[in-house]
Amino acid sequence: DAVIEKENDRLRREGLLGLPLVDIRLYGQMSLLSDEKLKAKIQLFATYDVDADVKGEYWIKTKFEELLKKHGFELDPMSHEIWTPPESTFSDFFITGRIICRRLDSLYVLVSKAIKAKEKNRILIAQALQIYGNELASLIKKHGGKIDYFKVEKKEWQSLKT
């Protein structure tokens, strides 16, 4: 936000218009990690990949990537290919006069992971089914997933804890 404001000040001094509002949408694991309520209930693994869609000027996207790198993260160049259920919703979590950051609501991140990356996310979805129950199960089934795949044996839970 401060970087955009500084650039807008420079542009205005030159008699130009400031940069338009930028809309950043988070998907995937980073979206889950930004959900404090979910983080308190489920074991989430850190990631350096940030799945995000930056709708704004190229200059802003470049600065966003630089900021991520400064903090040890990387914008995933394939973020635009992430499948989300058509009924997905987003929640605003950071808003200024220059930026709106939204995250894909956790329920829909989980559905996306269950449908498009089930092998990698089997334990995560099993945990999430205990929290979201029928709401998550129904969405997974609606989009072609098999709930039985996410049934986890006791020994698998124990290996997760170690």
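Trainee: Why is L107 called buried?

Mentor: L107 has 7% relative accessibility, and buried means under 20% relative accessible area with a 1.4 Å probe, protein chains only, so L107 counts as buried. Keep in mind that this is a predicted model, where local features need pLDDT of at least 70, side-chain atom pairs count only at pLDDT 80 or more, and totals for chains, interfaces and linings use all residues. Residues are numbered from 1 along each chain as its sequence is written, and side-chain values use heavy atoms, with hydrogens and water left out.

Trainee: And where does L107 sit, and what does L107 touch?

Mentor: L107 belongs to helix α5; helices are DSSP runs of H or I, at least four residues, numbered from the N terminus. Not counting residues up to four places away in sequence, L107 touches Y132, E135, L136 and L139, with contact meaning heavy atoms within 4.5 Å.

Trainee: What is L136 in contact with?

Mentor: Leaving aside neighbours within four places in sequence, the partners of L136 include L107, L110 and V111.

Trainee: OK, what about E7: why is E7 called buried?

Mentor: Hold 14% relative accessibility against the under 20% cut-off, and E7 counts as buried too. E7 lies in helix α1, residues 2-13, and is in contact with L19 and W59 once neighbours within four places in sequence are left aside.

Trainee: What makes the E7 and R10 pair a polar contact?

Mentor: Their side chains are joined at 2.6 Å. A polar contact is a pair of N or O atoms within 3.5 Å; within protein, one must be able to donate a hydrogen and the other to accept it, and residues adjacent in sequence count only if both atoms are side-chain atoms.

Methods
Helices (H or I, at least four residues) and strands (E, at least two) are DSSP runs, numbered from the N terminus. Buried means under 20% relative accessible area, exposed over 50%, partly exposed in between (1.4 Å probe, protein chains only).
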